[in-house]
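Subject: Structure handover

Hi,

Here is the structure for you to look over. My notes follow below it.

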Amino acid sequence: MAEYLELPVIDLSSPDRISTASSIRQACIDYGFFYLINHGVEEQLLQNVFDESRKFFSLPLEEKMKLGRKGNVGFAPIYAENLNSSTSSKGDLKETFHIGPLEGYESHIKNQWPSKELLPSWRFIMEEYYQKVVSVGKRLTSLIAMALNLEDDFFEKVGALDKPYAFLRLLHYPGEVGDSDEVVYGASAHSDYGMVTLLATDAVPGLQVCREKHKQPRIWKDVRHIKGAFIINLGDMMERWTNCLFRSTLHRVMPTGKERYSMALFMDHNPDCIVECLKSCCTDSSPPRFPPIRSGDHLRERINAAYSSSS
Ligand SMILES: O=C(O)CCC(=O)C(=O)O
Ligand SMILES: [Fe+2]
């Protein structure tokens, strides 16, 4: 294992929003990663989601494949995804289940749910968790707007989060380390695609962060688990809005020989939102590094690349 990276801790319950926004700004500039505590999602609910997730992934593969991934929701088996699409590895040693927006995108997202006979409380618990974490995500993104000296509802007003395109991904990393000489990652090195990710992990280590993605050799540090805290990381859209002032940091999950569960809530933008450099983040001497992009196009391109070897 590597050295630990001591990440900043942000308290969402602090009444001093200005000071919280300023701590978030520093964390986003320095790391693109931080812990969020006192976020209001009860430990019991987190525990219930881990329990239900474990029950789902313990089902026989044929049962899970009945809910196989369609339109980016549902189950994807081991090796289906390669988060580092620049390598030709056989894929990541993890299985996942994605739940997409519960409302607002009914015409093209059809969530799939395990049958009530198999897992009676599953859908109810997942929907409750999804809704609670999305509302934490909204509180957090309003603070991120303030951290950029913008109105706190900036991202709603520009049509990014007016209809959040949020995906809840349950992850299961099996205990085995792989059966070949090739290095197999639990999740290979990647940055997240959207705006911000709220990650809950169990106490099993494995998550690592590389702060300087453009420097070689890459230096990887372990991220410590803090009970009950979310690990927050920014995605590519924040890097584009801020012209790389805020980091979309590279991370990965190493297999440790121990079974591991986590769940990530990706707060992505409304696919029609055009993401472009904020005026306050560019000057004549520091022009925009990225052209404007439609959020949905970026997302589709990244998702297609990650699943290309299996589909
Ligand atoms: O499982 C983890 O701790 C991280 C997962 C992750 O980075 C992802 O799904 O994008
Ligand atoms: Fe990630």
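A polar side-chain atom of Asp 192 lies 3.2 Å from an oxygen atom of ligand 1. That is a polar contact (a pair of N or O atoms within 3.5 Å; within protein, one must be able to donate a hydrogen and the other to accept it, and residues adjacent in sequence count only if both atoms are side-chain atoms).

Some ground rules. The model is predicted: local features need pLDDT of at least 70, side-chain atom pairs count only at pLDDT 80 or more, and totals for chains, interfaces and linings use all residues. Residues are numbered from 1 along each chain as its sequence is written, chains are lettered from A and ligands numbered from 1 in the order written, and side-chain values use heavy atoms, with hydrogens and water left out.

Back to ligand 1. In total, 13 residues surround it (a heavy atom within 4 Å). Arg 169, Tyr 173, His 251, Arg 260 and Ser 262 are the closest. By class, the shell has six nonpolar, four polar and three charged residues. Strands β5 (165–173), β7 (196–201), β11 (250–253) and β12 (260–268) each give two or more residues to the shell (strands are DSSP E runs of at least two residues, and helices H or I runs of at least four, numbered from the N terminus).

Next, the metal. His 190 (NE2), Asp 192 (OD) and His 251 (NE2) coordinate the iron ion (ligand 2) at 2.1 to 2.2 Å. Donors are N, O and S atoms within 2.8 Å of the metal (3.2 Å for Na, K and Ca); water is not among the atoms, so sites may look incomplete. Along the chain, the donor spacing is H-x1-D-x58-H. His 190 lies in strand β6 (residues 187–190) and His 251 in β11, so the pair ties together parts that are 61 residues apart in sequence.

Two backbone points remain. Gln 216 and Pro 217 are joined by a cis peptide bond, with omega about -10 degrees. Pro 217 sits in the loop between β8 (207–210) and β9 (221–222). Asn 149 is not a glycine, yet has a positive phi of about 60 degrees.

Best wishes

Notes:
Ala, Val, Leu, Ile, Met, Phe, Trp, Tyr, Cys and Pro count as nonpolar, Asp, Glu, Lys and Arg as charged, and the others, Gly among them, as polar.
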